[in-house]
Amino acid sequence: MSNSTPATDNGNDKKKFKGDRSPCSPSRVLHLRQIPSDVTEAEVISLGLPFGKVTNVLMLKGKSQALLEMASEEAAVTMVNYYTPITPQLRSKPVYIQYSHHRELKTDNLPNQARSQTALQAVNAVQSGSVAVTSARADERGLLPGQGSVLRIIVENLFYPVTLDVLYQIFSKFGSVLRIITFTKNNQFQALLQYADPAYAYHAKMALDGQSIYTGSCTLRIDFSKLTSLKVKYNNDKSRDFTRIDLPSGDVQPPVEPCVAAAFGLPVPSVPGALGCLAVTTSPLSGHVAAPSVTGVPGNSVLLVRNLNPEAITPHGLFILFGVYGDVHRVKIMFKKKENALVQMADAAQAQLAISHLNGQRLYGRVLRATFSKHQTVQLPREGQEDQGLTKDYSNSPLHRFKKPGSKNFQNIFPPSATLHLSNIPHSVTVDDLKNLFASTGSTVKAFRFFQKNCKMALIQLGSVEEAVHALIELHNHDLGENHHLRVSFSKSTI
């Protein structure tokens with residue numbers, strides 16, 4: 001069977017999912033297992049939609065499996081990384097996701113694909129902002145004209161308190177949440193939540209309506225609001241605008257609820273002292289809420305980074321790369337096993353952010369693995385102790401991106417991508433200068449564009465995500481002359 005031609009999986013599949021086989025390398029085709037028999041194509045597609053465009057789907061209902069093709073490998077990696085610590089659910093059943101051996105799906109000649117293609121077309125129509133979703137199929141799936149990006153949420157059977165941060169954690173898994181307002185009406189806890197796109201609101205409603213936050217209590221009832229947008233005046237425990245970190249906070253916010261029980265497929269980590277709850281930590285980065293990984297120690301800011309290329313990696317390289325997602329304080333490459341390293345971030349929320357975006361990314365020809373470490377801090381070598389320069393302290397580095405309160409960097413945190421955002425470019429530096437600079441790192445420059453209104457900034461598109469990662473490590477803070485040091489970060493845009 002060709003890697004580009006899926007058919008029903010052979011009889012050896014059961015063996016390869018029992019953990020006795022090494023995982024597949026990243027692919028834009030994902031293999032979903034334990035799909036409930038009554039699940040529709042649209043529900044399977046909804047799992048991938050928050051991470052990027054879904055380009056194909058193949059249901060293998062006889063085997064309770066499905067294959068989902070994303071538009072890019074980058075989107076697939078982000079999706080797998082997200083769902084590794086938090087198992088998704090369809091119809092209240094856990095679904096397991098891993099990379100497929102296939103590199104693409106070709107389903108043109110397969111029978112019974114009409115439903116899948118109709119579901120894809122309906123989703124893409126909503127994603128592109130089209131309101132002309134009038135076919136019988138689209139109507140059947142609930143994709144109706146006029147459904148906006150604002151949801152009204154009522155929490156019934158409120159046995160435990162529900163906070164704005166808990167709602168953010170739950171709903172942000174379906175797409176970018178812009179604003180949340182919570183209030184009490186008719187003795188019921190309610191919320192209005194605005195997504196960046198109506199498609200996110202649709203899939204969140206489809207997946208979460210009727211689900212319970214805590215086991216047996218705090219049931220969600222979700223409808224589309226007639227409002228087209230929300231206006232938030234204060235960022236506090238009652239309301240928040242995630243696009244405006246400059247808003248006043250009003251009264252001091254109470255601490256976030258200490259734990260969220262196992263629901264929506266959120267697994268309960270067996271961590272000593274966790275008391276069977278999934279701890280919720282509030283990140284200072286735009287108010288994001290991050291759930292700690294089920295491995296390692298929740299609340300820990302030290303990461304264990306494995307499968308590094310010892311011939312290429314340096315403490316400085318790890319400092320620059322992980323510094324995209326938080327302020328790195330210390331880095332230690334293991335003296336006896338240089339494929340492994342410890343990276344200490346400023347806090348646990350930044351550590352979680354780095355895991356979410358970097359685990360599974362390719363770096364110097366290898367797939368990087370990042371998890372929480374059991375160590376609480378990175379120890380510096382004692383005086384006279386042989387270290388070979390493998391341990392570095394960056395606590396006071398001027399290159400920290402997030403130490404300045406209110407920095408715009410908080411709003412520009414994106415997954416690794418082939419397109420890089422460049423800033424602090426002096427006027428004397430030309431397009432060819434920058435193209436040649438990036439080509440000197442071994443990168444293939446596919447496109448380049450200066451910003452029209454600000455020639456100190458530009459976008460450059462390289463041949464792959466891995467090339468962009470290497471270029472960022474090598475060229476961030478590169479001296480361009482005239483007292484200008486190049487600033488490099490990942491971009492959400494393409495050229």
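Mentor: We shall take a few terms in turn, bearing in mind that this is a predicted model.

Trainee: What makes β22 and β23 the edge strands of the sheet?

Mentor: The five strands run in the order β22-β17-β19-β18-β23 with antiparallel pairing, and β22 (369-372) and β23 (391-393) are the edges, since each pairs on one side only.

Trainee: How do you know that β17 and β19 pair?

Mentor: Pairing requires at least two bridges between the strands, and β17 (residues 302-306) and β19 (residues 341-345) are joined antiparallel over four bridges; L303, for instance, stands opposite V343 in β19.

Trainee: Why is the aromatic pair of F319 and Y394 called stacked?

Mentor: Ring centres must lie within 6.5 Å, and planes under 30 degrees apart count as stacked; F319 and Y394 are 4.1 Å apart centre to centre with 10° between the planes, so the term applies. F319 belongs to helix α8 and Y394 to the loop between β23 and β24 (419-423), so the pair ties together parts that are 75 residues apart in sequence.

Trainee: Why does F448 count as buried, and why is F450 called partly exposed?

Mentor: Buried means under 20% relative accessible area, so F448 qualifies at 14%, whereas F450 has 21% and is therefore partly exposed.

Conventions:
Residues are numbered from 1 along each chain as its sequence is written. This is a predicted model: local features need pLDDT of at least 70, side-chain atom pairs count only at pLDDT 80 or more; totals for chains, interfaces and linings use all residues. Side-chain values use heavy atoms; hydrogens and water are left out. Helices (H or I, at least four residues) and strands (E, at least two) are DSSP runs, numbered from the N terminus. Rings of Phe, Tyr and Trp (its six-membered ring) pair if their centres lie within 6.5 Å; planes under 30 degrees apart count as stacked, over 60 as edge-to-face and the rest as tilted. Buried means under 20% relative accessible area, exposed over 50%, partly exposed in between (1.4 Å probe, protein chains only).
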